[in-house]
Amino acid sequence: MDPRSAYVHIPFCHRRCFYCDFPVVPLGDRADGATSGSVAAYLDLLHQEIAASPGGPPLATVYLGGGTPSMLSSAQVAGILEALDRRFGLAPGAELSLELDPASFDQARLAGYLAAGITRVSLGGQSFDDGVLADLGRRHRGADLREAAGWLGLAHRRGDLASWSLDLIQGLPSQNVAHWDGQLSAALALEPPHLSVYDLSIEPGTVFERRLAQGELALPPEDLAADLMDLTWARLTAAGYGHYEVSNYALPGHASRHNRVYWSGAGWWGFGMGATAAPRGRRRAHPRTRAGYAEALAARTEEPADDGEGMPFDERLMVGLRCREGVNLERLARQESLKPSQLERLRQRLAPYEQRGLLRVEGPRWRLSDPQGLALSKGVLRELLAWWQEQEPPPASAP
Ligand code: SF4
């Protein structure tokens, strides 16, 4: 089926945060997308890529992520949406999401984004604690986050913004249960309809990786990280949020439709430097530098032929298990032509997790228990990957 979703990558940030390995271009704390030549040159390439894409049915979800898309003016955001509309069309009621960072936009710019058609905002708050934000290398502070969230809440209550989400990071250096409880209270006081709570992960090449190697970063032990996740689950579910994926909670009706596309195995278009595209489920990553992206666009005469394959089996299994409803393993195994002996080996491998109550096998459906299984999903997913890599030769995909 042709994709009905698109991800657009805006790589510009004011500065690179200490934990971030995303494909970003830091422009300095005072930079403004509306006047930056770098931004204008990049947007030219982006418009070329969108115009040259093969097109398809109207888009039901669009996600402008980054980077810091709120460094763009509302006219620049409107221009991207218009380009997508010209090439694909935007379906009635489409979810059009934009990532915003506190201290990178004001209320007038927000009004411009909403006038351009944005219906959902994801606010990269990460923490309310100024010391933590400084340690993360973030540019904004807790007061900026509260102010930005206040504008979003107001727009939502007025009916100008269908939904908004707040991102937080847990498992930060020196974090304890009392501190995290305070962070959750601060988040809940802002009444975001959606919350994404990510575990800090240390990525290669980041400042945090170097600090960890030098013994300068004290990460919470694994059992404390699990306690923090338990607390997140308890506080948010008590406040009426549903836990619909490992890192995501939403009030009824506010789960991200675009996120669900990634996890469902449905395809999506990807535009921009570093963007991942999977028009038929098989992922393709764009070059992670502006020069590489420009070269790839210049060298391309037409959209690369689709390999016709869907999302690989291991990915489908892993993204499915990250979601609360889990996966129908028997159906997946049939689609992948797995032998019963291969499935049996997988069952044996995951039996310890089932015995600990982390994994539930309910007929053909496998799912992680909530919250413990979802909180400790990394172990189960590691086992899955190890099992898949042992399959020799890999099972052929079903047509
Ligand atoms: S603002 Fe976001 S994308 Fe930019 S450097 Fe920081 S974490 Fe990375």
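The model is predicted: local features need pLDDT of at least 70, side-chain atom pairs count only at pLDDT 80 or more, and totals for chains, interfaces and linings use all residues. Residues are numbered from 1 along each chain as its sequence is written.

**View 1. G37 in helix α1.** G37 is found in helix α1, residues 37-52. Helices (H or I, at least four residues) and strands (E, at least two) are DSSP runs, numbered from the N terminus. Between the C-alpha atoms of G37 and D129, which are 92 residues apart along the chain, the separation is 34 Å.

View 2. The protein chain is divided into domain 1 (5-264) and domain 2 (313-390), with bounds that come from an automatic or database domain assignment. The C-alpha centres of domain 1 and domain 2 are 29 Å apart. Ten residues from domain 1 and ten residues from domain 2 take part in the contact, where two residues are in contact if their C-beta atoms, placed from the backbone, lie within 7 Å. On the side of domain 1 that touches domain 2, the elements giving two or more residues are α8 (222-238), β9 (242-245) and α9 (257-264). The largest share of that side, four residues, comes from α8. By class, the side of domain 1 that touches domain 2 has seven nonpolar, one polar and two charged residues; Ala, Val, Leu, Ile, Met, Phe, Trp, Tyr, Cys and Pro count as nonpolar, Asp, Glu, Lys and Arg as charged, and the others, Gly among them, as polar.

**View 3. Helix α8.** With 17 residues, α8 reaches 24 Å from its first C-alpha to its last, close to the 24 Å expected at 1.5 Å a residue; the expected span is 1.5 Å times one less than the number of residues. L228, M229, T232 and L236 of α8 are buried. These residues lie on the same side of α8 because they cover an arc of only 100° around the axis, the arc being that of the directions from the helix axis to the C-beta atoms. D223 and A238, on the other side of α8, are exposed. Packing partners of the buried residues of α8 are β7 (163-170), α6 (177-189), β8 (194-199), β10 (248-250) and α14 (372-375). α8 is followed by G240, whose phi is positive, near 100°.

View 4. C13, R16, C17, C20, F22, V24, G66, G67, T68, D101 and G124 surround the ligand; a residue counts as near a molecule if its C-beta atom, placed from the backbone, lies within 6 Å of it. The shell around the ligand comprises five nonpolar, four polar and two charged residues. G66 and G67 are joined by a cis peptide bond, with omega about 15°. G67 is found in the loop between β4 (59-66) and α2 (74-87).

View 5. Q126 is not a glycine, although its phi is positive, about 70°. Q126 lies in strand β6, residues 120-126, and counts as buried with 25 C-beta neighbours inside 10 Å. E191, a residue other than glycine, has a positive phi near 55°. E191 is found in the loop between α6 and β8 and counts as partly exposed, with 15 C-beta neighbours inside 10 Å.

Technical notes. Buried ≥ 20, exposed ≤ 12 C-beta atoms within 10 Å, placed from the backbone.
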